[in-house]
Each structure stands twice: as C-alpha cells, then as structure tokens.
Amino acid sequence: MKNVMSWPYIKNLDFAVTPECYITLRDMSFNGVTVPKGYTFDGITAKAPFTFIFSNNDLRKGIRAACFHDFMCENKNKFSRRQATSILIKLWKEDGLGNKLFTSWKPWLVYLFVEIYQIYKGWK
C-alpha cells in the first residue's frame, strides 16, 4: 500500500504545480519581500549549457528562491537587481543548497551568471 499525505502536511504546501508553471498557495515573506498568494512563475530558468550546474535535488530545493527572484524581477520598480540576486542566493543557501564543501561554489556561480544575464537583459 502506498503512503498518503495527511491533510496537515498538504495545508503547509507553498506551491501548486501545473505543466506550465508554479503557483503560490499562500502569501510568502522573506527579508521584507512578500510574494502574494496566486503568483505564477516558471520555476528555475537555467539556460543550456548551464544546466550542468544543477542536480534534480537542486531544482526541487531551489523553487522558493526562484519564486522570490522572479517576483522581484517582475517588480523592478520596487526592487534593485542586486536585491533580487541577493535574495536568490540567501534563499538558495537557507534551503540547503551549497552547504556541502563540494557544492559551496554553486550559489556564487549562480550569482555570477544571474547578474550577467540581468545586466544583458537591461536591468540596470
């Protein structure tokens, strides 16, 4: 027989997943930034050839960081590029990514690539 999730666990879920996007199921706050319930985003956007940086575990654990970063990028009038990237890295580390010696370089590599991409896309 398979294990079934209990209702209290389901009530604590942060995101719903559709084939096209993630959706926040409740308001989420971190460092003064609040992402509203119902916000939709595409998850972790890693362009080839940079996908080698991530494992499946990284991609699952990085959803909260991607949510906040995408929200801040869509609200450039309220947040700076450096704020958005800083929150991304803080959440990345808080959610357990990059804590091991071997993977401690990942957050900084992500920081570098995200900053370059955002500058390239025109966020000053």
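This is a predicted model: local features need pLDDT of at least 70, side-chain atom pairs count only at pLDDT 80 or more; totals for chains, interfaces and linings use all residues.
1. Helix H4 first. With 14 residues (81-94) at 1.5 Å a residue, H4 should span 20 Å, and its end C-alpha atoms do sit 20 Å apart, so the two agree.

2. Much to look at on the inside of H4: Arg81, Ala84, Thr85, Ile87, Leu88, Ile89, Leu91 and Trp92 are buried. Their cover includes strand S3 (28-30), helix H3 (63-74) and helix H5 (106-120).

3. What does phenylalanine 68 touch, leaving aside neighbours within four places in sequence? Met28, Ser29, Phe30, Val33, Val35, Ile87 and Leu91 are its contacts.

4. On charges, the count is three salt bridges. Arginine 26 pairs with aspartate 14, closest N and O atoms 2.4 Å apart. These two lie in loops, S2 to S3 and H1 to S1 respectively, so the pair ties together parts 12 residues apart in sequence. Arginine 26 is partly exposed, at 38% relative accessibility.

5. The other two bridges involve H4. Arginine 64 meets glutamate 94 at 2.7 Å between the closest N and O atoms, so a residue of H3 is tied to one of H4, 30 residues apart in sequence. Arginine 64 is buried, at 18%. Glutamate 115 and arginine 81 form a bridge at 2.9 Å, N to O, linking H5 to H4 across 34 residues of sequence; both are buried.

Technical notes:
Residues are numbered from 1 along each chain as its sequence is written. Side-chain values use heavy atoms; hydrogens and water are left out. Helices (H or I, at least four residues) and strands (E, at least two) are DSSP runs, numbered from the N terminus. The expected span of a helix is 1.5 Å times one less than its number of residues. Buried means under 20% relative accessible area, exposed over 50%, partly exposed in between (1.4 Å probe, protein chains only). Contact means heavy atoms within 4.5 Å. A salt bridge is a side-chain nitrogen of Lys or Arg within 4 Å of a carboxyl oxygen of Asp or Glu.
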